[in-house]
Amino acid sequence: MTRFIHTSDWQLGKPFGKAPDDARIALQEARLDAIGTLAAAARTHGAAFVLVAGDVFDSAEPGDRVFRQALSRMSSAADLRWILLPGNHDPARPDGLWSRLAAEAPQNVVAATEPTPLALLSDFYLLPAPLAFKRTVHDPTAWFDTAETPPGARRLGLAHGSIQDFGVGETATNQIAPDRARRAGLDYLALGDWHSRRQIDARTAYCGTPEPDDFGREASGEALLVELASPGEAPRITPVPIGRYQWITDTWTLSAAADLDAPLAALSAGQDLKHLVARIKLAGLLTLGERVAVRERLEAGLAHEVRWLDLSLTDLFARPTDNDLAEIDAQGVLREAAERLRALAGEPGEQGLRAMAALERLYVEHQRAQRIGAA
Amino acid sequence: MLIREVTIENFRKFRAPVRVAGFSRGLNLVCEANETGKSTVLEAVRAAFFERHGAKSERIKSFRPHGDEVAPTVTIVFEVAGETWTVTKQFLQHPSVSLIGPTSRHQSDEAEEKLQSLLGFARAGNRGADDDSRGALGLLWVEQGQSFILGAPGQTARRTLEDVLAGEVGAVTGGRRTVAVVQAVERALTEFLTATGKPTRRLLEAQQAAGHAEQAFNEAQAELRQFEEVLGQLEAKRGELRRVVRDLGDAEATEQANALRADLDRARLAAERLQNNQLLFERAVGERARAQTQVETRVEERARLELAAISLAQAQAKADEHGQVLSAAKSAETSHAQALEQARKALTQAETARESAVRAQLAADRTRALQAAFARLDRCKAITDALVVQEAIIKAEAIDAGRLERLDQLDRAVLDARSACEAGAAVVEVRLEPGAAEVRVDGELLRGDLRRAAAHPLSLVIDGVGRIDVTPPATGEAAAVRLRTAEQDLGALLAQLGYGDVSAARAGARRRREAEAEHKTLEGRLTGECPADSALGLAAGLPALRAGLADVTRPAPKEADDAALKAGALAADADLQAARAAEKAALGRRDGSAEALQAAQLAEVRLAGLLDAAKTHHDRMTSELTAAEQQASDEALGEALRQASAAEALANDALTAAQRAAEGLDPTVLARRLETTERRRQSLFDAQLELAQTLARLEEQAKTLGAAGPAARAQAAQEAADLARTNAARLAEEAVVLQLLKTTIDTAQAEASRRYLAPITERVAPYIRRLLPTASLAFGEDLRPSRLTRGGLEEAADDLSKGTQEQIAVLTRLAFADLLLARGKPASLVLDDALVFADDDRFETMTEILTEAASRMQVIVLSCRTSAYRHVVEATRLTLER
């Protein structure tokens, strides 16, 4: 029985530029930490080596810090062999990242930058399909079919690219034949590029990224433990959880302030909030008071409990009721201003939206003034 | 609100208790001299209500009489809403307060709070009561020297007033909360925009950050491009070096160079040979061409000689032919000239015949004219005879129209004079009976009856009877004289004209008139018979006619044959025309034949010339050919040509062979190719060295640039720039929203203040008008009098005189008090030494207003001017009781 870990799409150095500073640093650090978690998982499951199917780095030139951190973390797991493959994010350009890596990597780290069979163990050969460019139109694994390995040796494939067109309408690049494993006589074809886990056939699988990095991705944050028994037998493929942060995206439609209770409860029940990255879109129509309350509850509460809350209130509309206005004042200047703004808010277009925002601000400022007055 | 009684002890100058009691509902006057302590009483009243009993501020301490550690104490009995209350406040030592009402009693802080709620003021701050805490009553109880301050009411007072105003107009600024909100919005806005709307602080920072991020992104992008360019160059240069090395080690290239050298040698040899053969061939071609030319020249010469002979024969024939033409032309010209002579003679005859025909016709015309002229002359003779007769009549009758008129006048004068005479005279009427005696009137025998006006003395002699004289009255004498004169004038005229009486004269006048008319007719006929006669050259008139015919014999009256004459003239015309035409035709024919003759003569000269030239040419040709034949015969020339042609064919073969040998072996091209090959090899060596250097440099660059992680940085910078942009846009939007909110609140505030100030403006207006007719007062939002409008001119309230300011301040307070009363709020007015700057008129008006106000509220006036208020009889006068 031979065991190894199949992982991919580490994308070390991903900037997370849209996240707030603290979240960005945490998310970047978590990607590097995934190396340690992978090493631990490999040891736990008795894996001899780790195949990284491309996109080790987020870009072809990640900068020295990320480069050094990655190497030092892999080198500290000296009992494991790390086989790294250039992917579309970090293609192997001459004199670039991979030349440096090949020159400076510790002994247990192998850069599979050439499409030639690589002896892994005594009777295991790895056929890597490194990418030299961000996009190529030919199948980088085409050479597997005719690759020569000693008779009787078992063959593993390592490639980065899509089996099918991921996007809609995009020209398919780096496309890999879906039946490559069978055609090239591979025991297993380890694929990268797809950030979620996905099994193509009994011997072909995407493992997904070990640390989730975006919203809307299912089954990510894992690596695959691959166990190969005797030749001809299908490998056993087991997902191993690796990731720290969970990314969720959801739309909550509210018709009253209390409607927020259920999704909030569900959210905290499911996971550790501090490791949650959430994109919540609120929709619906509330009174002005309710909208302010909902917003405050989320911004002052949930936003601080989770790692990063990406909150969108664009579709949560407020309909200022007489009650809302009465709360601002029964009469007087503020009430008059509120009435004017309510009338303005009824108009379509930007001006209306602004008037609504101004009314909400008035409501909030008024509440604040009241709180200060009460204190 | 009514103050009923005030008791003070240990308060400033009052160590012993002092009481002021008996305050009435209306106007109260406390008139005391200076230094009596009026102002102290008011200070004590304000302290008792507004200051906290436990306060220990400097002001409270100053309540103590100088140098005494005693407790200032104030007790006030007052009424609010019909209930009587007593407040006693002791300061500093054992401070205490008690408030006793009709049904309750309050101590300490509870009492303070009850007081506040009763009178509508706020809790005093740590530093003691101030304008803000005292409320409306603080505003209405004016201390000495404060009455002329046109200040804004303090916060509490204003709120009270605003509440009151709100009750009246249903709108209010919203009080403290509004202020807080407005301030918060303004504060928030200052984080984004300056007062002039320019970005500042957060917005400016965000915009600058976005700009910087954008710049950083551009820089990172440039760096990345530079890095990728380096990598690209590196790859390109590597490829280049590989190709250079491969090319340098290429054995084939060396072989190719050697082959080129061998080819070049061969090519040069072949080229030399080719050049020689070319020369030989060209020479042979030249020889052959010359021989050929000679043969061809001989043939041409023969042909030309033949042609010359033909030309000569033709010229001769033409010259012969032309001789006949010339003689024919000569004879034609002679005969045509004779014909012309004859035609001219015939023409002269025709012209003579025509002239004589014309003359005959003219003579006939003159004869006819003469006959007519003589006939006219005969008729003229008859007319002149008749004229003579008429002239004789005219001469005989001397009475023309003028004289006839004169005659008529004179005749009328006689008649007039006569009737005048008879009018004044007696009438003598005599009627004789038959057989009566003879009666003589003025000697003349009367026959028959008599009736006569006796204008003159008249005598009747009757025979046998006697004489009767009738004498007219003397008055008729003048008329008788006039009658006599008239009768004399008439008689003279008739004598001059030769007529016996008037009627004869009138008949003579008629005859003369008729003769004159006849004479005129005859003269007309005479003129008609003597018109101008162009045929005889006569002017109009009888003398011309007579003179014209004087020397001419009268032609015999014979008929001329006009028709024959006319026919003769026409025939002569026709003959003349025909003769002219014949002459012209003969002339034309003579000229035509002369021209033809001239042309024939010219042609003869030309043909003779041609014939000469043809002869000369033919002779020269003949002699030339003979000379040439003597030099080389035709056969010799043919042989030379044959030999030259054979030599040319041989040379041509040799040239073709040489060309074939040189084909494909261009020494220039081969030399160039060889040179290129060698140069390329050299440049490869050079390139190899240069590439090695470039590569080393680029590798170093790639290493340095790559270490910085340009791709990662570019992506991070892009995301950062996006974020910064979004952030700046978000803040800008927030600024716009805040601005909108602020503008809206400002608008609402302006609107509200305009509305809620109206009641105050209305209430103060009648007071102001009494003091300053035509003036009106406007208030600011803080309820402070702001502008006075007088006679259309606006003045800032602060610019008014101190006196006017004080009066306005008092009236404004009065208006506020009215407002409070109207809403059932406690109100009373206390003035301490107010109106000191008022002149007598104004003072009187003000006291009137205050007196009227006292019917609605309690008014307490503290004054040192006893006499000034003497006229105010309605007032309750009080004194300080020690």
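Which strand pairs with β14(B), and over how many bridges? Strand β13 of chain B, residues 458–462, does, over five bridges in the antiparallel sense. Keep in mind that this is a predicted model.

Let me stay with that pair. Leu460(B) stands opposite Ile468(B), which belongs to β14(B). Now zoom out to the sheet. It is an open sheet of four strands, in the order β11-β10-β13-β14 of chain B, with antiparallel pairing. Who stands at the edges? β11, at 444–445, and β14, at 466–470, both in chain B. Each has a single partner strand, so one side of each is left without a neighbour in the sheet.

Next, another set of strands in chain B. Start with β4, residues 73–80. Is β4(B) mostly covered or mostly uncovered? Mostly covered: seven of its eight residues are buried. β4(B) pairs with strand β1 of chain B, residues 2–9, through seven bridges, and the two run antiparallel. Take one bridge there: Ile3(B) has Phe78(B) in β4(B) as its partner.

β4(B) also pairs with strand β5 of chain B, residues 83–90. That pairing is antiparallel too, over eight bridges. The two strands form a hairpin, with two residues between them. Look at the turn: Ala81(B) has a positive phi of about 50°. Further along, Val74(B) stands opposite Lys89(B) in β5(B).

Hold on to Lys89(B). It brings us to charges. Side chains of opposite charge can pair when their charged atoms come close. Which residue forms a salt bridge with Lys89(B)? Glu112(B) does, with the closest N and O atoms 2.9 Å apart. Buried or exposed? Lys89(B) counts as buried because its relative accessibility is 0%. Glu112(B), at 5%, counts as buried as well.

Over all chains, the count comes to 86 salt bridges. Two from chain A deserve a slide. In one, Glu365(A) pairs with Arg361(A), closest N and O atoms 3.0 Å apart. Both lie in helix α9 of chain A, residues 350–374, four residues apart, about one turn of the helix. Glu365(A) has 3% relative accessibility, so it counts as buried. Arg361(A) is buried too, at 18%; the cut-off is under 20%.

In the other, Asp179(A) and Arg183(A) form a salt bridge, closest N and O atoms 3.2 Å apart. Asp179(A) is partly exposed, at 24% relative accessible area. Arg183(A) is partly exposed at 42%. Salt bridges that share partners join Asp139(A), Asp145(A), Asp179(A), Arg180(A), Arg182(A) and Arg183(A) into one network.

Back to chain B for a surface feature. Asp839(B), Asp840(B), Asp841(B) and Glu844(B) gather in a surface patch of negative charge. Asp841(B) sits in helix α18 of chain B, residues 840–853. Its relative accessibility is 60%, so Asp841(B) counts as exposed.

Last stop: helix α8 of chain B, residues 251–396, which holds Leu387(B). At 7% relative accessibility, Leu387(B) counts as buried. How far is its C-alpha atom from that of Leu522(B)? They are separated by 6.6 Å, with the residues 135 apart along the chain.

That's my tour. Over to you.

How values were computed: Residues are numbered from 1 along each chain as its sequence is written. Chains are lettered from A and ligands numbered from 1 in the order in which they are written. This is a predicted model: local features need pLDDT of at least 70, side-chain atom pairs count only at pLDDT 80 or more; totals for chains, interfaces and linings use all residues. Side-chain values use heavy atoms; hydrogens and water are left out. Patches are made of residues with over 30% relative accessible area and no salt bridge: like charges are joined within 9 Å, nonpolar side chains (Val, Leu, Ile, Met, Phe, Trp, Tyr) within 5 Å. Accessible areas come from the Shrake-Rupley method with a 1.4 Å probe; for residues, only the protein chains shown count as cover. A salt bridge is a side-chain nitrogen of Lys or Arg within 4 Å of a carboxyl oxygen of Asp or Glu. Lys and Arg count as positive and Asp and Glu as negative; His and the chain ends are not counted. The place of a charge is taken as NZ of Lys, CZ of Arg, CG of Asp or CD of Glu. Buried means under 20% relative accessible area, exposed over 50%, partly exposed in between (1.4 Å probe, protein chains only). Two strands pair if DSSP finds at least two bridges between them.
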